[in-house]
Amino acid sequence: MSPDGSSLLLEGLRAADSGAYTCQARNSAGEDTWLHTLSVLGEQHRHLRGSARATRPRHPHHPLCPPRPVPPTIERGAADSEVVRGVLSAVVTLECWARGSPPLHVRWLKDGLPLRLSPRGTLLAAGHVLR
(Lines give C-alpha, C1' and ligand atoms only; values in the text may rest on other atoms or scores of the structure.)
Protein backbone atom coordinates (compact mmCIF):
# COMPACT_ATOMS: atom_id res chain seq x y z
CA MET A 1 0.00 0.00 0.00
CA SER A 2 1.28 3.43 -0.75
CA PRO A 3 0.09 6.65 0.84
CA ASP A 4 -0.83 9.50 -1.52
CA GLY A 5 -1.23 12.74 0.37
CA SER A 6 -2.76 15.55 -1.59
CA SER A 7 -3.21 19.13 -0.48
CA LEU A 8 -4.99 21.95 -2.24
CA LEU A 9 -3.46 25.35 -1.49
CA LEU A 10 -5.69 28.34 -2.27
CA GLU A 11 -4.07 31.78 -2.08
CA GLY A 12 -5.62 35.24 -2.13
CA LEU A 13 -9.07 33.98 -1.15
CA ARG A 14 -12.09 35.63 -2.73
CA ALA A 15 -15.78 35.29 -1.99
CA ALA A 16 -16.12 33.25 -5.22
CA ASP A 17 -13.79 30.61 -3.73
CA SER A 18 -16.51 29.64 -1.24
CA GLY A 19 -18.10 26.31 -2.07
CA ALA A 20 -17.94 22.53 -1.76
CA TYR A 21 -14.47 21.07 -2.43
CA THR A 22 -14.42 17.29 -2.80
CA CYS A 23 -11.27 15.23 -2.62
CA GLN A 24 -11.72 12.02 -4.64
CA ALA A 25 -9.29 9.09 -4.29
CA ARG A 26 -9.61 6.28 -6.83
CA ASN A 27 -7.86 3.04 -7.80
CA SER A 28 -8.80 -0.25 -9.46
CA ALA A 29 -10.46 -1.49 -6.26
CA GLY A 30 -12.78 1.47 -5.67
CA GLU A 31 -13.20 5.11 -4.72
CA ASP A 32 -13.55 7.27 -1.63
CA THR A 33 -14.44 10.95 -1.26
CA TRP A 34 -14.19 13.63 1.41
CA LEU A 35 -16.03 16.96 1.38
CA HIS A 36 -14.61 20.28 2.57
CA THR A 37 -17.08 23.18 2.64
CA LEU A 38 -15.13 26.43 2.35
CA SER A 39 -16.66 29.69 3.58
CA VAL A 40 -14.67 32.81 2.79
CA LEU A 41 -15.47 35.40 5.46
CA GLY A 42 -14.78 39.10 5.90
CA GLU A 43 -11.45 40.18 7.39
CA GLN A 44 -12.86 40.51 10.93
CA HIS A 45 -12.97 36.68 11.18
CA ARG A 46 -9.95 34.54 11.97
CA HIS A 47 -8.42 32.20 9.43
CA LEU A 48 -8.86 28.45 10.08
CA ARG A 49 -7.27 25.56 8.24
CA GLY A 50 -8.93 22.29 7.24
CA SER A 51 -7.17 18.97 7.30
CA ALA A 52 -7.65 15.24 7.16
CA ARG A 53 -4.94 12.75 8.04
CA ALA A 54 -4.49 9.18 6.92
CA THR A 55 -4.54 6.08 9.07
CA ARG A 56 -3.15 2.73 8.03
CA PRO A 57 -5.98 0.32 7.18
CA ARG A 58 -5.49 -3.23 8.40
CA HIS A 59 -5.17 -5.72 5.60
CA PRO A 60 -4.48 -9.40 6.24
CA HIS A 61 -2.05 -10.90 3.75
CA HIS A 62 -1.30 -14.56 3.26
CA PRO A 63 2.25 -15.13 1.95
CA LEU A 64 1.12 -17.62 -0.74
CA CYS A 65 -1.67 -15.50 -2.18
CA PRO A 66 -1.06 -12.39 -4.27
CA PRO A 67 -2.23 -9.30 -2.43
CA ARG A 68 -5.71 -8.12 -3.32
CA PRO A 69 -6.04 -4.48 -4.30
CA VAL A 70 -7.00 -2.34 -1.32
CA PRO A 71 -9.66 0.29 -2.05
CA PRO A 72 -8.81 3.88 -1.16
CA THR A 73 -9.68 5.23 2.25
CA ILE A 74 -9.62 8.86 3.34
CA GLU A 75 -9.54 9.52 7.06
CA ARG A 76 -12.69 11.14 8.36
CA GLY A 77 -13.55 12.90 11.55
CA ALA A 78 -16.81 12.28 13.35
CA ALA A 79 -18.78 14.15 10.67
CA ASP A 80 -19.36 13.32 7.00
CA SER A 81 -17.71 16.56 5.91
CA GLU A 82 -15.56 19.38 7.18
CA VAL A 83 -16.35 23.09 7.32
CA VAL A 84 -13.35 25.33 6.66
CA ARG A 85 -13.37 29.10 7.12
CA GLY A 86 -10.95 31.47 5.47
CA VAL A 87 -10.54 35.24 5.42
CA LEU A 88 -10.58 37.37 2.26
CA SER A 89 -7.10 37.62 0.67
CA ALA A 90 -5.71 34.93 3.01
CA VAL A 91 -4.38 31.43 2.29
CA VAL A 92 -6.14 28.16 3.09
CA THR A 93 -4.92 24.57 2.69
CA LEU A 94 -7.38 21.71 2.23
CA GLU A 95 -5.78 18.37 2.97
CA CYS A 96 -6.80 14.93 1.82
CA TRP A 97 -4.71 11.98 2.94
CA ALA A 98 -5.66 8.80 1.13
CA ARG A 99 -4.29 5.26 1.28
CA GLY A 100 -4.88 2.29 -0.94
CA SER A 101 -3.22 0.05 -3.48
CA PRO A 102 -1.26 1.81 -6.20
CA PRO A 103 -1.77 3.37 -8.56
CA LEU A 104 -3.83 5.72 -6.40
CA HIS A 105 -5.21 8.82 -8.11
CA VAL A 106 -6.37 11.83 -6.11
CA ARG A 107 -8.29 14.69 -7.71
CA TRP A 108 -10.28 17.69 -6.51
CA LEU A 109 -13.75 18.86 -7.49
CA LYS A 110 -15.37 22.21 -6.71
CA ASP A 111 -19.15 22.21 -6.48
CA GLY A 112 -19.19 18.79 -8.21
CA LEU A 113 -17.05 19.80 -11.21
CA PRO A 114 -13.33 19.12 -11.81
CA LEU A 115 -11.36 21.92 -10.20
CA ARG A 116 -9.77 24.35 -12.61
CA LEU A 117 -6.50 25.47 -11.13
CA SER A 118 -5.36 29.04 -11.47
CA PRO A 119 -2.22 30.86 -10.32
CA ARG A 120 -3.96 31.16 -6.93
CA GLY A 121 -4.54 27.38 -6.63
CA THR A 122 -1.76 24.81 -6.23
CA LEU A 123 -1.85 21.03 -5.79
CA LEU A 124 0.75 19.54 -3.44
CA ALA A 125 1.75 15.94 -2.67
CA ALA A 126 4.24 15.14 0.08
CA GLY A 127 5.21 18.82 0.12
CA HIS A 128 5.99 18.93 -3.62
CA VAL A 129 4.07 21.07 -6.14
CA LEU A 130 2.20 18.92 -8.65
CA ARG A 131 0.70 21.74 -10.72
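## Close-up views of a predicted model

**View 1. Asp111 sits in the loop between E7 and strand E8 (113-114).** As throughout these views, the model shown is predicted. Asp111 is not a glycine, yet its phi is positive, at about 55°. How accessible is Asp111? Its relative accessibility is 46%, so Asp111 counts as partly exposed.

**View 2. Ser89 is found in the loop between strand E5 (81-87) and E6.** Here is another backbone angle to check: Ser89 has a positive phi of about 70°, although this residue is not a glycine. Is Ser89 buried or exposed? With 57% relative accessibility, which is over the 50% cut-off, Ser89 counts as exposed.

**View 3. Pro102 and Pro103 are joined by a cis peptide bond.** Pro103 belongs to the loop between strand E6 (92-100) and strand E7 (105-110).

**View 4. Ser6 lies in strand E1 (residues 2-10).** Why does Ser6 count as buried? Buried means under 20% relative accessible area, and Ser6 counts as buried because its relative accessibility is 4%. Take a look at the side chains as well: those of Ser6 and Trp108 are joined by a polar contact of 3.4 Å. Which residues does Ser6 touch once neighbours within four places in sequence are left aside? The contacts of Ser6 are then with Leu94, Glu95, Cys96, Val106, Trp108 and Leu124.

Conventions. Residues numbered from 1 in each chain as written. Predicted model: local features only at pLDDT ≥ 70, side-chain atom pairs only at ≥ 80, totals over all residues. Heavy atoms only, no water. Helix = DSSP H or I, 4+ residues; strand = E, 2+ residues; numbered from the N terminus. Buried < 20%, exposed > 50% of the residue type's maximum accessible area, 1.4 Å probe, protein only. Polar contact = N/O pair within 3.5 Å; in protein donor to acceptor, adjacent residues only side chain to side chain. Contact = heavy atoms within 4.5 Å.
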